[in-house]
Amino acid sequence: MRRFIKTGWFKALVVILVFFICGGIAGVVSKDKTSPFSTAVGAVVEPLQRATSFVGNGFKTLSSKVKNFKNDEKKIKELQNKIDKYQKELVEFENTKQKVELYEKFWDIKDEHKDFKIQPAIVIGRDVANVYSSIVINKGKVDGVKKSDPVICGNGQLVGVVSKVGGTYSVISTIFDSAVKISSYEIKTRETGFSTTTAKLSENNLCRLSGLNKNTAISTGGIVCTSGEGTVYPRDLIIGTVKEVRDDKRDISSYAIIVPDFDISRLENVLVVTEFDGQGTSMMGE
Amino acid sequence: MKKEYLHVYIRRCMLVLFILIVAMIQNTAHMFPTIFGARAFLLIPVVVCISMFEKNISSTLYGAFAGLLWDISSGASSGFNTIILLLISTTCGFLINYLMRNNMVTATLLTSFALILYNFIYWMAFVFPVDKEGCVYLLLRFYLPSCAYSLALMPPIYILIRHFLKRLRRKFPVQRRLTRNK
């Protein structure tokens, strides 16, 4: 026993014990009831604890994520299906809206021109070799479409004339075709001329009102309409708005540059006027 | 159905279908891109390439079929495209069967010839009489660039047709001589 007491190991143990007991007493005595040792150790261990708790939380989240993964996948699929469904409905809605708009315009035109018999049509193609962009529509002889019937778009703007009719389709020569010549007049000044186009104007979707007097009163902003002469086109179909007036270099007349109010490249629906008062013989090569 | 006939039927059906699809692409707005206003006359290289691999009569018929499809959407006089494409395909068929070799160089030559011929005749018949003032402008601005654009699309068409016919021949070998001997 004496030997044991004299060993260095025992002495160290006693010192440590005393040290801790003192610390414990100091802790009991102190206000915050913590020993200086636990404070010192805590200072060292706390960041480590934070790190381990962070990792632990991470594992917890991961495990919950793994657990919820299947449920989430189901939810995502459900939501995706819902989105798909809504997108389809949106497309249907947009199409119906466009149709309604077209039919509204159609009825407006019918109200305005009671003598018109109109056949709505969809643009289905174009002639690739025709630089003036002749278009193909899905209505033909079967639907009562005839050669030289005028074609308008929803806003009552003249698009062109039927130049070829098949059983279930027709080809339209647009007003951007230099072969199409339309007797027309400007509504303010009542000056008459004929609307046609040239290669360069057609490239920029423009037409011209040719055959005007040198000292024409037509000015920018004037509206050019069909005059109804020639019996191919009914009177007062809008051709476009005057952009500027120029002198014709070839003779002593002037001409006005006209901007039609439709974009040929975006044309989807047109209306073929199959009958109107005063409809007669064709000017298109007949 | 005999195997030797199967080759012919599949070949004809596929080529007709190919012409049909190309015609749809060509004649529908926004289906094929235009480059600086130049458009691709896809049916011309297709007809030339097909007639290079076909016998005289069948190449003529393929040309006529392609022309008919083009005529549906064309504002030009009825039958213009049919006649021109028929002539082009017949000429190409004859040249390949009797005079020329069937390779990419020949295909380029024949397609350029066909494109220039078609566009020049179209321009002379439908553009020049109507718009004498702007006809030269249109020739330089639209018809010649369209020729170049269409010609640039010929190699993939030629390779596609050659590849398809080669594979078909490998899968369903034609036993013409054997049938005759029988």
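## Salt bridge across the chains

A salt bridge here is a side-chain nitrogen of Lys or Arg within 4 Å of a carboxyl oxygen of Asp or Glu. With that in hand, let's look at this predicted model: between chain B and chain A the count is one salt bridge. Its partners are Arg141(B) and Glu203(A), whose side chains meet at 2.9 Å, N to O.

Six residue pairs, both at pLDDT 80 or more, are in polar contact across the interface of chain B and chain A.

## How the chains meet

On the chain B side, 28 residues are in contact with 23 residues of chain A. The two chains bury about 2200 Å² between them, and 50% of that lies on carbon and sulfur atoms. In chain B, the residues that lose the most area to chain A are Arg39(B), Ile72(B) and Tyr137(B), together 24% of what that side buries.

## What chain B brings

Which elements of chain B give two or more residues to the side that touches chain A? They are helix 1 (3-27), helix 3 (56-72), helix 5 (104-127) and helix 6 (135-152). Helix 6 of chain B provides the largest share, five residues. By type, the residues on this side of chain B divide into 13 nonpolar, ten polar and five charged.

## A serine pair in chain A

Now for a stop within chain A: Ser163(A) sits in strand 4 (residues 158-165). Is Ser163(A) buried or exposed? Its relative accessibility is 13%, so Ser163(A) counts as buried, the cut-off being under 20%. The side chain of Ser163(A) is joined to that of Ser173(A) by a polar contact of 3.1 Å.

How values were computed
Residues numbered from 1 in each chain as written. Chains lettered and ligands numbered in written order. Predicted model: local features only at pLDDT ≥ 70, side-chain atom pairs only at ≥ 80, totals over all residues. Heavy atoms only, no water. Contact = heavy atoms within 4.5 Å. Buried area = accessible area lost by both parts, 1.4 Å probe. Polar contact = N/O pair within 3.5 Å; in protein donor to acceptor, adjacent residues only side chain to side chain. Helix = DSSP H or I, 4+ residues; strand = E, 2+ residues; numbered from the N terminus. Nonpolar A, V, L, I, M, F, W, Y, C, P; charged D, E, K, R; others polar. Buried < 20%, exposed > 50% of the residue type's maximum accessible area, 1.4 Å probe, protein only.
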